[in-house]
Amino acid sequence: MKLINLKGIEIIAIGGSVGGIKAVSEILKSLPADFPIPVVIVLHRLRNVPSSLQSVLQHSTKLRVKEADEKETIAAPFAYIAPANYHLLIEADRTFALDYSETVKYSRPSIDLTFESIAEIYGKAAIGILLTGANDDGANGLSSLRKTGAMCYVQDPDTAFAKTMPQAAITSNFGCRVMPLAKIGLELKNAVHQIN
Amino acid sequence: MENHKRIEIGEGEVEKIIEALNRYHGIDFSGYSRASFTRRIQRIADKDANGTFDTLLHRVSENKDYFYKFLKEITVNVTEMFRDPSFFNSVRKNVLPELSRQQSLQIWHAACSTGEEVYSLAVLLHEASLLERSTIRGTDLNPEVLLTAKQGVYPHRNFQEYGQNYERSGGKVSLSEYYEASYGNSIFKSFLKDKMTFSEHNLVTDGSFNKFNLIMCRNVLIYFQKPLQAHVVHLFKNSLVTGGFLCLGSKESLLFSDDRLAFEVVDAKEKIYRKI
Ligand SMILES: C[S@@+](CC[C@H](N)C(=O)[O-])C[C@H]1O[C@@H](n2cnc3c(N)ncnc32)[C@H](O)[C@@H]1O
């Protein structure tokens, strides 16, 4: 297996929709408790209803899972989730900003917006990961990340609960690493061993 | 892909716009958080097919009509009825019973946008038999959204979701009791509207104008940097009677304001505070 290089990586952004909770859990499961890079997760979720997303994800990982708060400083070993019914953006000082503006591709939070914001602030110090989903949110966001030179993973559509999202991302972007979940997790985990 | 050149809005462009808005229109956006603000301006620039940044800046500065259009686009006016039903439920349980001790109630919806939140609370006040004694003031920076708020006419297509939100907030009847349907719109009944007045008020520059028993200001502070948040919370403190309630958006807090010590927490999760 080729070892990827996590040196200089400061943030990992993960997006997904239908089937996304299970898929994100799968990746988080492989990351060690002292994983040195903060993870930001954008999943499409129902609005205006109580949610157990935080506790569900917490069960799968040794990282600390929490909803992103506005103006919160981004740090490891946290896995942050975008709150329901807000877009999640990043400020130049690497704090979170919440935004209650129009839905994008019928979604709020929008994966595109968070990925674009991360591309702008972190450039190639970011890694983008796009998982299962039934619309094409995330494809534009991955383009922004690719343009700034960030490495991107896309879940192999054949292994995804819903293919549309990963397929759209692959079709509109060159050079994404396409593989099943377990392999994405393994690559990240092994890369960390490498830098530690 | 696009064949025109995109106007790139970076830090420098944002600061120039902020300066022009202040110099030509007396509106100060310097305390706004940049991530969202930059995106709003970029959105406007993207619609501007053949322009350059300089023509955009010029039009914002000199052209009143364009300025108002611009203002509408940069401020986020999105809103809905009974957003966060659990919040409205908490207002029913924890705020209204306390307010019912007062003979008359002064209520301020700061930055109320198109008014959906004002009508939501009016429904709650009515159901707690408090509407009769209430005077409700809705304010916003943007005059255009206030016209919509005044009319109380909203597209019917959203009302299925609003009705569900209302039920989750503890609503006992059907939300449709409160409006008439007409040509794809829902028009709120006048007994709800009678108690409301709407006017322009800028939280950055305008001061306190009354004492209130309840101030609701939701999903505005997220757009402000910490010092401006503190400024606005101070304004609210000075505009509340002792024992008056302050309600913020579900992801907002008093954390960045020294005035937090002047409040007790009524519901930490729903961001309801009370001036002590
Ligand atoms: C996202 S809406 C919030 C509406 C409603 N409170 C809610 O939570 O659904 C934000 C509103 O704040 C207004 N606003 C922004 N800056 C303001 C300022 N300095 N003074 C008054 N209103 C402002 C905007 O015009 C917009 O209508």
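**Figure 1. Helix 5 and helix 6 of chain B meet in a right-handed crossing.** Helices here are DSSP runs of H or I with at least four residues, strands are DSSP runs of E with at least two, and both are numbered from the N terminus. A crossing is called right-handed if the near helix is turned clockwise from the far one by less than a right angle, and left-handed if anticlockwise. The model shown is predicted: local features need pLDDT of at least 70, side-chain atom pairs count only at pLDDT 80 or more, and totals for chains, interfaces and linings use all residues. Residues are numbered from 1 along each chain as its sequence is written, chains are lettered from A and ligands numbered from 1 in the order in which they are written, and side-chain values use heavy atoms, with hydrogens and water left out. Helix 5 of chain B covers residues 85-99 and helix 6 of chain B covers residues 116-127; their axes come within 11 Å and cross at roughly 45°. Axes are lines fitted to C-alpha atoms, for helices over the stretch in contact, and angles run from 0 to 180 degrees between N-to-C directions. Helix 5 of chain B is therefore oblique to helix 6 of chain B; angles under 35 degrees count as roughly parallel, over 145 as roughly antiparallel, 65 to 115 as roughly perpendicular, and the rest as oblique. Contact means heavy atoms within 4.5 Å. Helix 5 of chain B contributes B:F88, B:V91, B:R92 and B:L96, while helix 6 of chain B contributes B:E117, B:S120, B:L121, B:L124, B:L125 and B:E127. By class, the residues of this contact are six nonpolar, one polar and three charged; Ala, Val, Leu, Ile, Met, Phe, Trp, Tyr, Cys and Pro count as nonpolar, Asp, Glu, Lys and Arg as charged, and the others, Gly among them, as polar.

**Figure 2. Helix 1 of chain B passes helix 4 of chain B in a left-handed crossing.** The axes of helix 1 (residues 11-25) and helix 4 (residues 64-74) of chain B come within 13 Å, and the crossing angle is roughly 130°. Helix 1 of chain B is thus oblique to helix 4 of chain B. From helix 1 of chain B, the residues B:I17, B:L21 and B:H25 meet B:K64, B:F67, B:F70 and B:I74 of helix 4 of chain B. Five nonpolar residues, one polar residue and one charged residue form this contact.

**Figure 3. Helix 3 of chain B packs against helix 4 of chain B at an angle of about 105°.** The axes of helix 3 (residues 53-62) and helix 4 of chain B are 6 Å apart. The two helices of chain B are therefore roughly perpendicular. On the side of helix 3 of chain B the contact involves B:L56, B:R59, B:V60 and B:E62, and on the side of helix 4 of chain B it involves B:K64, B:Y66, B:F67 and B:F70. The contact between helix 3 and helix 4 of chain B has five nonpolar, no polar and three charged residues.

**Figure 4. Chain B is assigned two domains, domain 1 (11-74) and domain 2 (85-275).** These bounds come from an automatic or database domain assignment. The C-alpha centres of domain 1 and domain 2 of chain B lie 29 Å apart. Domain 1 of chain B gives twelve residues to the contact, and domain 2 of chain B gives eleven residues.

**Figure 5. B:T242 lies in strand 8 (residues 240-248) of chain B.** B:T242 has a relative accessible area of 62% and is therefore exposed; exposed means over 50%, buried under 20%, and partly exposed in between (1.4 Å probe, protein chains only). Leaving aside residues up to four places away in sequence, B:T242 touches B:K275 and B:I276. B:T242 and B:K275 are 33 residues apart in sequence, yet their C-alpha atoms are 5.5 Å apart in space.

Figure 6. A:P77 is in the loop between strand 3 (64-67) and strand 4 (78-81) of chain A. A:P109 is in the loop between strand 6 (96-99) and helix 3 (111-122) of chain A.

**Figure 7. A:N48 and A:N85 have positive phi values.** Phi of A:N48 is about 60°, although A:N48 is not a glycine. A:N48 is located in the loop between strand 2 (39-43) and helix 2 (53-58) of chain A, and A:N48 is buried at a relative accessible area of 9%. Phi of A:N85 is near 70°. A:N85 occupies the loop between strand 4 and strand 5 (87-90) of chain A, and A:N85 counts as buried at 2% relative accessibility.
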